[in-house]
Amino acid sequence: MVIKPKVRGFICTNAHPVGCAASVQQQLDYVKQQGNLGDGPKNVLVLGCSTGYGLSSRIVSAFGYGAKTLGVCFEKAPTERKTGTAGWYNTAAFHQQANDAGLYAKTLNGDAFSNELKQQVIDELKANVGKVDLIVYSLASPRRTDPATGEVFKSTLKPVGAPYKTKNYDTDKDLVHEVELEAASEEEINNTIKVMGGEDWELWLSALNDADLLADGCKTAAYTYIGKELTWPIYGKATIGKAKEDLDRAASAINSAYANKQVKAYVTSLKAVVTQASSAIPVMPLYISLMYQVMKADGSHEGCIEQILGLFTKKLTVDSPETDDQARLRLDGVETNDETQAKIKSLWDQVTQENFHELSDYAGYHHDFLQLFGFDVPGVDYDQDVEIVVDWS
C-alpha cells in the first residue's frame, strides 16, 4: 500500500510503518552517539511507552543503559486494509531493534487503568524481569474507567474560575483567530483530576508493592507540563493544571507509603513539544510554533529524546537531583526561563493572520506533527508500496 497522510483537525488518521521505524531509528542513533552513559536503571516499566516522552524514555533505558523494558500502551493493530496507529508501528520498530541488540523488550497492549492489565504486568515481571528500579508514568488519555466502580470519567480542556479569551491558531483553516473558552464546572474539574491526576499512579505503585516487585531505591517519574504565563490559563492553571497538581499530592503520598523501600517519586516537568495530546489543546499549536521560532534561533531547542536523555543523565541517575520548591524534577528551564519567555511573548503580541507564517516556525511544528505518524521523515520514500501489517515480536 502507498500511504499518504490523512489529517483531520488535530489528528492524523493513518500512519506509515517505515516512517515510524525511521523516526525510532533517529532517536536510537542519537542515544548511541552519546557513548557510555554510566550506571542506570536495569529493569524499567514504562506506562505509556509507544509515543512521545514515554517512547523516548524506553529508548534511553534500553539503548543508553542496557535495561530490560516492559512497556504498556493502548494501540490499534493494522489490518490488511487499514494502517495501525503510529504507536503500534513505533513499538514494533523498538521491539525489532531491541531483539537485534539482545535486549529484553515486551509490550502489553490494553487499558493501563484496569486491574486486569496491572495483573498482566505483575505476571510478566515475575516471570521474566524481576523487581523494577524505574517506573515511568507517561499515560495520556481523555477518559478513564475507575477499576473499583466501573464509572467512566472524561477530562475537559477548560480554564478554571472564569472564561478565557485568547489568540489561537486553527491548523485546519490556517487561521489565527480569537477563541473564548468557558470556565469549567466543579464536576468537570473533578472528573479531569480523576482521569489525569495521581490516583492511577498510586494504584500502580500499590499493586507492584503488594506483589513485591519494587526494588529498594526504586524511582518513579510522572511526566507533566507546567509552562508559563502564556499557557497557564489553558494549561497550568486550568483543568489540566488541577489534575497535574494532584500528581504532586500523589508523589508525596508514594514517598511516604514506601519510605521503607526508599522509593523516590518525582513529578517531572518537561518542555512543550508537538505530541498527539498537545495538538488537541487550544492555544498550544500557536504557542509551540512561536516557541520553536525563538528556541531554534537561540540554539536551545530540544525534542523528546534530548529532554529525556537530560532527565536520565542529570536527574534520575544521580543520588540527590536538584528539584524545585515543589520537589519536582524540572527539565523545562530551556523553555520557561525569563529571556526565552519574553521573546515568545513579544511574538505573541505581534502575531496576526497576515504575519503568522513569518513570525512563527509553523513549518517546523507541522513537520514534527507529521513525524508523529511516520510522515515527512527524511530518507523515506513515500511513493513506495509498503507492507502495513506489522507484528510485534
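Predicted model: local features only at pLDDT ≥ 70, side-chain atom pairs only at ≥ 80, totals over all residues.

User: What is the handedness of the unit made by β4, α3 and β5?

Analyst: To judge this, one looks with the strands pointing away from the viewer and follows the path from the first strand over the helix to the second, which must run clockwise for a right-handed crossover. The unit of β3, α2 and β4 is a right-handed β-α-β unit. For β4, α3 and β5, the handedness of the β-α-β unit is also right-handed.

User: How many of the six residues of strand β12 are buried?

Analyst: Strand β12 covers residues 264-269 and has a strand paired with it in two cases: six bridges join it in parallel to β11, residues 214-224, and two bridges join it in parallel to β13, residues 329-330. Within these pairings, K219 stands opposite K264, while T268 has L329 as its bridge partner. Strand β12 is mostly covered, and the number of its six residues that are buried is five.

User: Through which helix does the chain cross from β11 to β12?

Analyst: Strands β11 and β12 run parallel and are joined by six bridges. Between them the chain makes a right-handed β-α-β crossover, and the helix it passes through, residues 239-257, is α7.

User: Is T192 buried or exposed?

Analyst: T192 lies in helix α5, residues 186-196, and its side chain reaches the backbone oxygen of E188 at 2.8 Å. Leaving aside neighbours within four places in sequence, T192 is in contact with residues including K154, S155, T239 and A243. Because its relative accessible area is 0% and the cut-off is under 20%, T192 counts as buried.

User: Why is V7 called partly exposed?

Analyst: V7 is found in strand β1, residues 7-8, and, once neighbours within four places in sequence are left aside, V7 is in contact with C12, F369 and L370. A residue is partly exposed if its value lies between the limits for buried, under 20%, and exposed, over 50%. V7 is therefore partly exposed, since its relative accessible area is 36%.

User: What is the relative accessible area of Q96?

Analyst: Q96 has its place in helix α3, residues 86-100, and the C-alpha atoms of Q96 and I11 are 27 Å apart in space, although 85 residues separate the two in sequence. Q96 is partly exposed, and its relative accessible area is 41%.

User: Which helix gives the most to the lining of the second largest pocket?

Analyst: About 550 Å³ of space lies in the second largest pocket, and of the 23 residues that line this pocket, the closest to its centre are S23, Q26, Q27, C304 and Q371. Helices α1, α2, α9 and α13 each supply at least two residues of the lining. One of these, α9, is mostly covered, with 10 of its 13 residues buried, C304 among them. The helix that gives the most to the lining, with four residues, is α1.

Notes. Residues numbered from 1 in each chain as written. Heavy atoms only, no water. Buried < 20%, exposed > 50% of the residue type's maximum accessible area, 1.4 Å probe, protein only. Pairing = 2+ DSSP bridges. Polar contact = N/O pair within 3.5 Å; in protein donor to acceptor, adjacent residues only side chain to side chain. Contact = heavy atoms within 4.5 Å. 1 Å grid on protein atoms, 1.4 Å probe; cavity = no way out; pocket = protein on both sides within 12 Å on 5 of 7 lines; lining within 4 Å. Points joined across faces, edges and corners; volume = space filled by probe spheres on them.
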